[in-house]
Amino acid sequence: MTGEHVIHARDLNVYYGQLHVLKDITVAIPRSKITAIIGPSGCGKSTLLRSFNRLLETMDNVRLAGSVRLGPQDVYAPGVDVTLIRKKMGLLAQRPFPLPMSIYENVAFGPRLHGIRNRRALDRLVEDNLQLTGLWSEVRDRLHTPAVELSIGQQQRLCLARGLAVEPEVILADEPTSALDPQSSRRIEECFRHLKDRYSIVMVTHILRQARRLADYILFLYMGELVEHGPAEQMFNAPRRELTREYVQGVIS
Ligand SMILES: Nc1ncnc2c1ncn2[C@@H]1O[C@H](COP(=O)(O)OP(=O)(O)OP(=O)(O)O)[C@@H](O)[C@H]1O
Ligand SMILES: [Mg+2]
């Protein structure tokens, strides 16, 4: 898939019951870059992320209006295969949730589900995706032991490998390092830097230093509105809006 942008949201509005949590969001997410969604707690960051791959509709009090496109595809069009959408845009959650099976089976799970049966092909996929997340050298001798025996940081990289194994276009990550120690957080950040050539990454973070270290592009949300978005360099050093300046300088939080 080519094109400068991977996701387009247009006039997106989201309500939880009476609560209007996302207001007229129109934005394009750059391809093969790391985009960070920043803003104060409760401003709608997770909601925006989850609107991209239709994870919001797992809740029953949600209403969404407007459109989201992945490349040319209208994500909310009638008849769209939601499973396929979520395969193309996998979510890495705040905490790792390894499946209750071995390290190997965690990574092979998605490919198996999508019809890959050949043992050699699966072995290859497991190794490649564990390599991508820097886990291979750490776990190659214990691939068939339970995934839950890994450290939390390793489990998070395993969950990333599991998501990558189904060949997504976009990795959505909601505060993916918030449950991790600093060193494990750095490992995830390194993974993202390596992965961004092949995948577009959209991450929520409330850590401004992390956004500065990692992000190429920034979306600043405040009380459900997209106040400003732009290249990270501009957003941190020469924001157009006073509110953005106050937020990135830590005057408001
Ligand atoms: N299932 C829900 N039902 C009702 N209100 C909700 C629900 N989920 C979130 N909200 C509310 O919607 C608003 C946006 O929530 P959201 O989780 O998107 O914010 P956030 O920016 O991710 O916050 P945080 O930084 O604390 O994770 C908040 O006011 C929140 O309380
Ligand atoms: Mg959140």
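At what angle do H3 and helix H4 (residues 119-132) pack, and how far apart are their axes? The angle is about 115°, and the axes lie 9 Å apart. This is a predicted model, in which local features need pLDDT of at least 70, side-chain atom pairs count only at pLDDT 80 or more, and totals for chains, interfaces and linings use all residues. Residues are numbered from 1 along each chain as its sequence is written, and side-chain values use heavy atoms, with hydrogens and water left out.

**View 1. Helices H3 and H4 pack at an angle of about 115°.**
Helices (H or I, at least four residues) and strands (E, at least two) are DSSP runs, numbered from the N terminus. Axes are lines fitted to C-alpha atoms, for helices over the stretch in contact; angles run from 0 to 180 degrees between N-to-C directions. H3 and H4 are therefore roughly perpendicular to each other. Angles of 65 to 115 degrees count as roughly perpendicular, those under 35 as roughly parallel, those over 145 as roughly antiparallel and the rest as oblique. From H3, Ile103, Tyr104, Val107, Ala108, Pro111 and Arg112 meet residues of H4, including Leu122, Leu125 and Val126. Contact means heavy atoms within 4.5 Å. Nine residues of this contact are nonpolar, one is polar and three are charged. Here Ala, Val, Leu, Ile, Met, Phe, Trp, Tyr, Cys and Pro count as nonpolar, Asp, Glu, Lys and Arg as charged, and the others, Gly among them, as polar.

**View 2. H3 also packs with H6.**
The axes are 7 Å apart, at an angle of about 30°. That makes H3 roughly parallel to H6. Ile103, Asn106 and Val107 of H3 touch Leu158, Ala161 and Arg162 of H6. Four of these residues are nonpolar, one is polar and one is charged.

**View 3. H6 meets helix H7 (residues 182-195).**
Their axes come within 9 Å and cross at roughly 20°. The two helices are therefore roughly parallel to each other. H6 passes H7 in a right-handed crossing. Gly153, Gln156, Arg157, Leu160 and Leu164 of H6 meet a set in H7 that includes Ile188, Cys191 and Phe192. The contact divides into six nonpolar, three polar and two charged residues.

**View 4. H6 supplies the largest share of the lining of the largest pocket.**
That share is five residues. Helix H2 (82-88), strand S6 (89-92), helix H3 (103-113) and strand S7 (170-174) each supply at least two. By class, the lining has 16 nonpolar, seven polar and four charged residues.

Conventions: Chains are lettered from A and ligands numbered from 1 in the order in which they are written. A crossing is left-handed if the near helix is turned anticlockwise from the far one by less than a right angle, and right-handed if clockwise.
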